[in-house]
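I am opening a notebook page for this chain, and I want to write down what I looked up in the order in which I looked.

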Amino acid sequence: MRGGMGDPSLHLQESGWEVLRKEAMKIEGDLDVKLSSYAKLASRFTHSSSGYGDNGSPTIGSSRSWKSMEMEIQSLLEKLLDVNDAMSRCAASAAPTTAINQKLARHRDILHEFTQVGVFAFMFNTFAISA
């Protein structure tokens, strides 16, 4: 038997809260992997000359790797922002519980952290390549 119509968590589940939350967690995991890979790529270019041509500037292939990875990270950040916005709308439409508000705040914090890390990484890359 299902809960009563007044149960906000039931309404949230029916309206897609759990689907959105799972999608946010998947994107967060994907971002974690991509940012880690990006950091490893940066480490290779700053600690060795493997990605650089004879004159010390990045090779065409390495520039494509940077740009491709930056675009993937940016796309994931945009998707996570969209999912967070959808979660906010879903929660707002259902008189969310304290637990829902806490989960939503945590996902917003994670998005903020990933955005800050991504911006810093992109700035570092620009500086490292131009140096």
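This is a predicted model: local features need pLDDT of at least 70, side-chain atom pairs count only at pLDDT 80 or more; totals for chains, interfaces and linings use all residues.

I then checked burial, and of the 131 residues in the chain, 34% are buried.

Entry on the fold. How many helices and strands make up the secondary structure of the chain? I found four helices and zero strands, and reading from the N terminus on I noted the order α-α-α-α. I next turned to contacts with a separation of 6 or more, and 77% of these in the chain come from residues 24 or more positions apart.

Entry on the core. I looked for the largest nonpolar core and found that it has 23 residues, and that Trp17, Leu31, Ile73, Leu80 and Phe114 are those with the most contacts inside it. The elements giving two or more residues to this core are α2 (17–47), α3 and α4 (98–130), and α3 gives the most, with ten residues. I also noted that the core draws at least three residues from each of domain 1 (20–44 + 61–95) and domain 2 (97–130).

I placed phenylalanine 114 in helix α4, and I count phenylalanine 114 as buried because its relative accessibility is 12%, where buried means under 20%. How far apart are phenylalanine 114 and leucine 31 in sequence and in space? They are 83 residues apart in sequence and 7.5 Å apart in space, C-alpha to C-alpha. Leaving aside neighbours within four places in sequence, I listed Glu28, Leu31, Asp32, Leu35, Leu77 and Leu80 as the contacts of phenylalanine 114.

Entry on Glu70. Is glutamate 70 buried or exposed? I found glutamate 70 in helix α3 (residues 60–92), and its relative accessible area is 10%, so I count glutamate 70 as buried. I then looked at its side chain, which a polar contact of 2.6 Å joins to the side chain of tyrosine 38.

Conventions. Residues are numbered from 1 along each chain as its sequence is written. Side-chain values use heavy atoms; hydrogens and water are left out. Buried means under 20% relative accessible area, exposed over 50%, partly exposed in between (1.4 Å probe, protein chains only). A polar contact is a pair of N or O atoms within 3.5 Å; within protein, one must be able to donate a hydrogen and the other to accept it, and residues adjacent in sequence count only if both atoms are side-chain atoms. Contact means heavy atoms within 4.5 Å. A nonpolar core is a set of buried Ala, Val, Leu, Ile, Met, Phe, Trp, Tyr and Cys residues joined through side-chain atoms within 4.5 Å. Domain bounds come from an automatic or database domain assignment.
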